[in-house]
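Thank you for making time for this.

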Amino acid sequence: MKQRMLGNNGLEVSSLGYGCMGLTQSYPPFLPKDESIALLQKSVELGITFFDTAEAYGPLSNEALLGEALQPYRQRVVIATKFGFDFQNGRNDAHNRPVSLSSRPETIRKALEGSLRRLRTDHIDLYYQHRVDPNTPIEEVANMVGRLIKEGKILHWGLSEACADTVRRAHAVCPLAAVQSEYSMWYREPEKELLPTLEELGIGFVPFSPLGKGMLAGRFNKNSTFGSEDFRSAIPRFNPQNLQANVAVAELVREISERKNTPSARVALAWLLAQKPWIVPIPGTKTVARLRENIGAVEVPFTPEELEEIRRRLERITLIGARYPKEQEALTGL
């Protein structure tokens, strides 16, 4: 597996990471625990060294699963997790999404201690603020994280779903290694302001949902439907009427995959890798076959002419519907 650098402070990770959320949340059915552990360990054996989780996933159970799976490999892997919710005073909705934001210093320290315990480690390699807390200045958050870095409990930190201005303010206080947000052919908003800012400041970028929540992996078509327990059933972009138009992006990816004689998922991930050398996507999966398929993306090349053609064709497609339900969209800092 090829390696990439996130930020200018020496954080080296595999070119593709593993997004762990779907093992315990949002995309049922979930694997039995022993199968999830075997899959995570197989990921390490196949060269993935970068694993993304959060206390919010489950909540708490995802970190515990990852901690157990990676304990034998701890010195070989980079673990990223997240803080930013108050579980004591908040609640979870039907999809187990926490809705009480908090990045007060005492909440961060409490969250960190819990994450360290569940992940069976004495430090977090990359610690993200999961969502920007409008009630706590980002400078206060950065100062607290800086103290935890000095204590050795955090090696690097980052932001998730933060706008360019918030990134600048945070980075000025305590340098960021990475910013995480949704990015793919299915959602290209970060290209407008966020990616230029990260390039200027020397901060890495970690796209989550790099396969458009499965849409770009060749799994769905205009007639696809989603059960009530599937998070996609609540996303406007996936509702039946909008999907009729939005499937055009998946059809473009499928056309490219046929031309290159490689699976659609590889095309979508390789396109992301080709955008910048400091972008590290974190697809999730529940099968070894899909895992191998994803990893193969690092060997799929694009010429400048191919990338320009793809960009022109994407810009002719109008995607309909929000990427999140209204109540969750309000939690993003974008």
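Let me begin with a point of orientation: where is the place of methionine 144? Methionine 144 is found in helix α4, which covers residues 138-150, where helices (H or I, at least four residues) and strands (E, at least two) are DSSP runs, numbered from the N terminus. Before I continue, please keep in mind that this is a predicted model, in which local features need pLDDT of at least 70 and side-chain atom pairs count only at pLDDT 80 or more, while totals for chains, interfaces and linings use all residues. Residues are numbered from 1 along each chain as its sequence is written, and side-chain values use heavy atoms, with hydrogens and water left out.

Coming back to methionine 144, this residue has a relative accessible area of 3% and is therefore buried, a word that stands for under 20% relative accessible area, with exposed meaning over 50% and partly exposed in between (1.4 Å probe, protein chains only). If we leave aside the neighbours within four places in sequence, methionine 144 is in contact with Pro105, Ile108 and Arg109, contact meaning heavy atoms within 4.5 Å. The C-alpha atom of methionine 144 is also separated by 9.6 Å from that of serine 103, a residue 41 places away along the chain.

Next, the aromatic rings. A pair of aromatic rings is described by the distance of the centres and the angle of the planes. Here, rings of Phe, Tyr and Trp (its six-membered ring) pair if their centres lie within 6.5 Å, and planes under 30 degrees apart count as stacked, over 60 as edge-to-face and the rest as tilted. By this rule the count comes to eight aromatic pairs. One of them is formed by phenylalanine 83 and tyrosine 127, a tilted pair with 4.9 Å from centre to centre and 45° between the planes. This pair links distant parts of the chain, since phenylalanine 83 belongs to strand β5 (residues 78-83) and tyrosine 127 to strand β6 (residues 124-129), 44 residues apart. With a relative accessible area of 1%, phenylalanine 83 is buried, and tyrosine 127, at 0%, is buried as well.

Tryptophan 186 and phenylalanine 238 form another tilted pair, at 5.3 Å centre to centre and 45° between the planes. Tryptophan 186 lies in the loop between β8 (178-182) and α6 (194-201), and phenylalanine 238 in the loop between β9 (204-208) and α7 (240-260), so the pair ties together parts that are 52 residues apart in sequence. Both tryptophan 186 and phenylalanine 238 are buried, and ring pairs link Trp186, Phe220, Phe226 and Phe238 into a cluster.

Let me turn to the charged side chains. How many salt bridges does a search of the whole structure find? The search finds 30, a salt bridge being a side-chain nitrogen of Lys or Arg within 4 Å of a carboxyl oxygen of Asp or Glu. Lysine 82 forms one with aspartate 52, and their closest N and O atoms are 2.7 Å apart. Because lysine 82 lies in strand β5 and aspartate 52 in strand β4 (residues 50-52), the pair ties together parts that are 30 residues apart in sequence, and both residues are buried.

Lysine 192 and glutamate 189 meet in a salt bridge at 3.3 Å, N to O; here lysine 192 is exposed, with a relative accessible area of 60%, whereas glutamate 189 counts as partly exposed at 37%.

I close with strand β8. Five of the five residues of β8 are buried, so the strand is largely enclosed by the rest of the structure. Three bridges join β8 to strand β7 (residues 154-160), and the two run parallel, where strands pair if DSSP finds at least two bridges between them. From β7 the chain crosses through helix α5 (residues 164-173) to β8 in a right-handed β-α-β crossover, right-handed meaning that, with the strands pointing away from the viewer, the path from the first strand over the helix to the second runs clockwise. Five bridges join β8 to β9, which run parallel, and β8, α6 and β9 make a right-handed β-α-β unit.
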